[in-house]
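Subject: Structure handover

Hello,

Here is the structure we talked about. My notes follow below it.

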Amino acid sequence: MDSVEVSTVVYLPPEEVYEFLKDFPGYARYSKYLQEVRQDGDGSPGTRYALTFAWWKLTYTAVSEVTAVDPPSRIDWRVVSDLDADGHWRVEPADDEAPPDREHASRVWFTVAFDPDSATSDTVDLPRLVSLDWVVEKVKPLVREEAERIVERIVADLEGERRDVDLRIHDGPDDV
């Protein structure tokens, strides 16, 4: 399994950050490649989301499911369609990382683990003469870039203004 883990500090208490992260259909506005999110459920375990991604000449819809929630600290999910992937959002109190003009801070983690070999030619409709191996090698770095982009944009929305965000890219998930 390959994995990406990104974390940053948001200058709000965990409860506010968690409520914001629960609005999964809103994630499409943060992503370059996520075109649409359709929701079936209320965000609790069992809720499914159809996520339509588009990149280059490819379009793919993955279906994910919330597997567990632990408000205000964690939302776990897994892909239930063709790909082998799972992950979570985690929120931890981090008041010690708040600047002097902010009362609260939270460290937000986005973690995804995925098996690039779980993508098969049956999963993705490829143009003629394009190999799945080529697509997988091109997409792997995009997953990391996309994780960074999403976290940066969420911080700006949560805090109401853009700022330099210190993103920490971790080599692997801590507990996925």
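Predicted model: local features only at pLDDT ≥ 70, side-chain atom pairs only at ≥ 80, totals over all residues.

R90 is buried, because its relative accessibility is 9% (buried means under 20% relative accessible area, exposed over 50%, partly exposed in between, with a 1.4 Å probe and protein chains only). Its place is in strand 6, residues 85-93 (helices are DSSP runs of H or I with at least four residues, strands are E runs of at least two, both numbered from the N terminus).

Residues are numbered from 1 along each chain as its sequence is written, and side-chain values use heavy atoms, with hydrogens and water left out.

Overall, the protein has two helices and eight strands. Their order along the sequence is β-α-β-β-β-β-β-β-α-β. Of its 176 residues, 48% count as buried.

Next, strand 7. Strand 6 pairs with strand 7 in the antiparallel sense, over nine bridges (pairing takes at least two DSSP bridges between two strands). E92 has R107 as its bridge partner there. Strand 1, residues 2-10, also runs antiparallel to strand 7, again with nine bridges. V10 stands opposite S106. How many residues of strand 7 (106-114) are buried? Nine of nine. S106, V108, F110, V112 and F114 point one way, and R107, W109, T111 and A113 point the other.

Helix 1 covers residues 14-21, and its buried residues are P14, V17, Y18, F20 and L21. They lie on the same side of helix 1, because they cover an arc of only 160 degrees around the axis (taken from the directions from the helix axis to the C-beta atoms).

A cavity is a set of points on a 1 Å grid over the protein atoms alone where a 1.4 Å probe fits but cannot get out; lining residues have an atom within 4 Å of a point. The second largest cavity holds about 30 Å³ of space.

Best wishes

Note on methods
1 Å grid on protein atoms, 1.4 Å probe; cavity = no way out; pocket = protein on both sides within 12 Å on 5 of 7 lines; lining within 4 Å. Points joined across faces, edges and corners; volume = space filled by probe spheres on them.
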